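Please read the following points alongside the sequence and the coordinates.

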Amino acid sequence: MTLCLLLLSVVAVTAAGPVPRVLTRAKWPEREPVVALWVWQCLVATVLLCCVAALALAAAAVFGTVRSQLFAPAPPAVTAAYDLSAAPPWAAALTVLLACGAAWTAAMLGRELVDARRRRARARAHLLERAPDLPAGLPAARGPLLVLEDEYPDAWWMPGNPPQLIVTTGALRRLTDHQIDAVLTHERGHARAHHNWLLHLSTALATGFPRVPLFTHFCDQTHRLVELAADDTASRRCGHMTTALALIELNQHRGVLSCASSHHLLGERVDRLLKPPPRLGRRDRALTTTAAALVPLLPLLITFAPGLTALP
């Protein structure tokens with residue numbers, strides 16, 4: 001069991017420290033944001049699985065009740081292979097530490113979901129004031145697309161049940177029909193991929209564990225990559241130039257083309273659309289996706305290896 005815990009710790013530390021730093025310096029995520037998002041999710045899943053597996057093994061070694069429940073369906077040879085009776089002296093401290101980490105993670109996720117629901121409720125109440133429902137008997141005022149009377153050009157997607165696309169009349173006047181189509185396709189790309197859940201997860205982990213490089217980079221890169229992925233969705237349907245012009249027109253008042261702009265991502269997105277980077281080939285994309293999917297299997301393999309070798 002001690003060897004399993006050490007191997008799980010090595011995998012978790014490697015996936016949480018050096019690997020994210022290397023990935024943030026790589027150039028290919030800009031070309032394949034969807035694949036990059038998948039790689040980041042697999043890294044996070046690897047670390048979380050390592051922690052869960054280590055918690056289960058350490059708790060089974062320290063507490064007999066947990067051991068009897070966890071290994072109840074297993075043959076005696078499998079239980080003996082883990083050598084749980086010879087628990088290292090630091091197993092109890094590790095169990096408490098991992099249990100507190102699990103509770104803190106759940107608390108951060110719960111707080112983020114509650115805060116997100118409150119923000120959506122406030123936003124919907126604000127929209128209701130600006131675009132009230134029609135009287136009874138008339139067609140419903142709300143639907144998948146809501147147009148607001150506002151000279152400020154803007155468009156966004158609001159998750160919920162049902163999700164809504166909101167666009168202002170300022171954007172409708174400023175943008176051409178093709179550019180409006182590109183903007184709405186961009187927002188639909190967020191909705192179809194359920195990017196809001198990924199953003200909630202990354203924000204909660206980064207807030208709860210700000211000193212873990214994986215979680216801080218995961219949050220930063222997720223906010224960046226979901227926009228690049230939605231830009232690709234729009235550009236495939238409406239064209240790179242149309243999407244870039246729509247982005248410029250919609251954000252020109254924010255100083256998107258200024259070198260001193262605080263919205264640096266907007267400038268990066270425009271440059272990327274005007275000069276599309278070469279994409280990975282199908283083979284490279286498939287290899288990267290498959291390799292990333294295999295990484296979370298490492299903690300499972302380490303955890304179940306002693307039991308599998310003990311089977312006849």
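1. For the packing described here, axes are lines fitted to C-alpha atoms, for helices over the stretch in contact, and angles run from 0 to 180 degrees between N-to-C directions. The model under discussion is a predicted one, and on this convention helix 4 and helix 11 pack at an angle of about 155 degrees, with 8 Å between their axes. Because angles over 145 degrees count as roughly antiparallel, helix 4 and helix 11 are described as roughly antiparallel to each other. The crossing of helix 4 and helix 11 is left-handed.

2. Which residues bring helix 4 and helix 11 together? On the side of helix 4 they include Pro33, Leu37, Trp40, Val44 and Leu48, while on the side of helix 11 Leu214, Phe218, Gln221, Leu225 and Asp232 are among them. By class, the residues of this contact between helix 4 and helix 11 comprise 16 nonpolar, four polar and one charged.

3. The largest nonpolar core has 23 residues, and among these Trp28, Trp40 and Leu214 touch the most other members. Helix 1 (2-16), helix 4 (33-62), helix 10 (195-208) and helix 11 (213-238) each contribute at least two residues to this core, and the largest share, nine residues, is that of helix 4.

4. Trp40 deserves a look of its own. When residues up to four places away in sequence are not counted, Trp40 touches Pro20, Leu23 and Thr24, together with Leu214, His217, Phe218, Gln221 and Leu225.

5. Within helix 12, is Ala246 buried or exposed? Ala246 lies in helix 12 and is buried, its relative accessible area being 2%. Apart from neighbours within four places in sequence, Ala246 is in contact with Leu175, Gln179, Ala182 and Val183. Between Ala246 and Trp28 there are 218 residues of separation in sequence and 25 Å in space, taken from C-alpha to C-alpha.

6. Two threonines may be read together. Thr105, in helix 7 (residues 91-130), has a relative accessibility of 15% and so counts as buried; with neighbours within four places in sequence left aside, Thr105 is in contact with Leu205 and Phe209. Thr14, in helix 1, is partly exposed at a relative accessible area of 37%, and, with neighbours within four places again left aside, Thr14 is in contact with Val19 and Pro20. The C-alpha atoms of Thr14 and Val47 are 9.0 Å apart, although 33 residues separate Thr14 from Val47 along the chain.

7. A last point concerns the backbone. His194 has a positive phi of about 55 degrees although this residue is not a glycine, and the position of His194 is in the loop between helix 9 (177-193) and helix 10.

Conventions: Residues numbered from 1 in each chain as written. Predicted model: local features only at pLDDT ≥ 70, side-chain atom pairs only at ≥ 80, totals over all residues. Heavy atoms only, no water. Core = buried A, V, L, I, M, F, W, Y, C linked by side-chain atoms within 4.5 Å. Buried < 20%, exposed > 50% of the residue type's maximum accessible area, 1.4 Å probe, protein only. Helix = DSSP H or I, 4+ residues; strand = E, 2+ residues; numbered from the N terminus. Contact = heavy atoms within 4.5 Å. Parallel < 35°, antiparallel > 145°, perpendicular 65-115°, else oblique. Left-handed = near helix turned anticlockwise from the far one by under 90°. Nonpolar A, V, L, I, M, F, W, Y, C, P; charged D, E, K, R; others polar.
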